[in-house]
Amino acid sequence: MRAVWAIACGMIKELIRKKDFYVLLIFMLVLLGFLSYQNFFQIEGISRYVRDFGYSLLMFFSFIIAVTFTAKQLPSEIEARTIYPLLSKPLSRHTVILGKFCGGVMVSVVSFTIFYAIFVGFYMTGGEGKSLVLLGQGFIFGILFLCMISALVMFFSNFMTMSANVTLTFLLYLTIGGFSNSLRGIVFFSKGIIATLYGVLYYLLPHLEFFDLRIRITHAWDPLPMWVVLSVSGYTFFYCLALLYFAGYVFGRKRF
Amino acid sequence: MQQVIFTKDLYYTYGNGKRKVEALKGVDLSVNNGEIFGFIGPNGAGKTTTIKLLLGILIPKKGELTLFGESPAKPKTRQTVGYMPEIADYYKYLTPVELLIMYGNIFGINKNLLHKRIKKLLELVDLEEAANRLMRTFSKGMMQKVSFAQALINDPDLLILDEPMGGLDPVSRKRMREIIQDLRAKGKTIFFSSHELSEVELVSDRIGILHKGHLLAVGPAKDLLGGKEEGQSLESYFLKMIREGI
């Protein structure tokens, strides 16, 4: 575990020293500040828009950090040729993948926590209906979402260039919710082998829509039952485990 | 004397079918404990492939390969191996100290020992003043020094150096030679590849000449040059071997 932690820590230091994160942070503060200024004049229902927009923004920015930081890990090691000294150390290829994944998750979780703290500040100071339990669930689901994204990106890193990886993950992020719903409909209404094939495809796809609590938080609905939180956590754990196992397997067969 | 590196009929190819390129064609090699072994050959001879095989980065297609009697593909075997690559553009947003801490932690070195060793290594390679500077400001020569320091972080019994003198000024080259000889005096084994034939001749106990995947000659420089006309340099011998090897 010390080796995994060592690799991950290098990525955190990189985040702190690079400007990308600060640009996103300032951008988010400016946008939320502007929206809450509108709230100051008590325009009816504006607080919901602030919540909706703020939550979407923080998830999107955290997603950007998770994708860009994780996607460049293996390609930049190969390009800078630091992959050779790294692989010459007493590490298995799976450990390298796990270290890079943990680094990606840590980097995005640190950013997400800062973004979320700002969002909570706006959430608590304006509007009606506040639920700390729901905010806690939103935080947990955000972290699970970032684990899922980092594992996906790590897996794709073995097969494609950084830009292709970022593009594919971005497309998945944008379309998976709608696509999953359509697929579920097809499975429900079709029969035989077609239904089985679509069913397999449905369960293979990463269900990023599970992690989206935007509407629930915006409208301050009731918190999710505990079994849902546990089920989504279990789903994320096993999905990430499978992705990282295959990523490590493919990486282990790569010849540099 | 204990064999640190042993290969028998080592064979490696890149690609398949029509694209198949034979990089190594049955290399037999043994390097003993406490020896400095210089590995020379023209571009594309298979030197870096051999080094990658020794480090477990590549897996032989055929033949035997052991380090300290074990397969280098096992991570545990690499615990006592240090490696300095030919070119590596180390993490630009880290300092040399942070890089060495990262690698030291991978080796599982005790924290106190690690900090003492980092201080000593940075002194050894004359980088104390730049110890806490981001590496994005480093010159090629400074990067080479960092690279050398990271190869020594685990106090390795076997040091594999790929073109260690590249990018170094004459003073640093001399210093590097001295360090390599000091390491040998401490019982370390050093395997290094280089294009700098004079450097190889100066420090190596034995030399191996690789050409087109074949090991053409192995032995101490004076033995390889023995019997030849007086004043023949390793360079002229090397060129002659390569011509004959073709």
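**Predicted model of chains A and B**

The model is predicted: local features require pLDDT of at least 70 and side-chain atom pairs count only at pLDDT 80 or more, while totals for chains, interfaces and linings use all residues. Residues are numbered from 1 along each chain as its sequence is written, and chains are lettered from A and ligands numbered from 1 in the order in which they are written.

Strand S3 (residues 36–40) and strand S7 (residues 189–193) of chain B pair in the parallel sense over four bridges. Strands (E, at least two residues) and helices (H or I, at least four) are DSSP runs numbered from the N terminus, and two strands pair if DSSP finds at least two bridges between them. Six strands of chain B form an open sheet with mixed pairing, in the order S5-S6-S7-S3-S8-S9. Its edges are strand S5 (81–84) and strand S9 (214–219) of chain B, each of which pairs on one side only. On average, neighbouring strands of this sheet are turned by 15° against each other, direction ignored. Axes are lines fitted to C-alpha atoms, for helices over the stretch in contact, and angles run from 0 to 180 degrees between N-to-C directions.

Helix H1 (residues 47–54) of chain B lies across S3, strand S6 (158–162), S7 and strand S8 (206–211) of chain B, and runs at about 150° to S6(B). Helix H4 (residues 140–151) of chain B also packs on the sheet, where it touches S5 and S6 of chain B; its direction makes about 170° with that of S5(B). Contact between two residues is defined by C-beta atoms, placed from the backbone, within 7 Å.

The largest nonpolar core has 131 residues, of which A:Ala151 and B:Ile160 touch the most other members. Such a core is a set of buried Ala, Val, Leu, Ile, Met, Phe, Trp, Tyr and Cys residues joined through C-beta atoms within 7 Å. A residue is buried if 20 or more other C-beta atoms lie within 10 Å of its own, exposed if 12 or fewer, and partly exposed in between. Not counting residues up to four places away in sequence, B:Ile160 touches B:Ile51, B:Leu54, B:Leu55, B:Val81, B:Tyr83 and B:Phe191.

B:Asp9, with phi of about 50°, is in strand S1 (residues 3–14) of chain B and counts as partly exposed, with 14 C-beta neighbours inside 10 Å. B:Glu163, with phi near 50°, is in the loop between S6 and helix H5 (170–185) of chain B; 19 other C-beta atoms within 10 Å make B:Glu163 partly exposed.

Chain A contains eleven helices and zero strands. The C-alpha trace of chain A spans about 60 × 55 × 30 Å along its principal axes. Buried residues make up 37% of the 256 residues in chain A. Of the contacts in chain A with a separation of 6 or more, 84% are between residues 24 or more positions apart.

Between the chains, 22 residues of chain A are in contact with 25 residues of chain B. Helix H1 (2–17) and helix H5 (83–87) of chain A each supply at least two residues of the side of chain A that touches chain B, and H1(A) gives the most, with eight residues. The residues of this side comprise ten nonpolar, four polar and eight charged, where Ala, Val, Leu, Ile, Met, Phe, Trp, Tyr, Cys and Pro count as nonpolar, Asp, Glu, Lys and Arg as charged, and the others, Gly among them, as polar.
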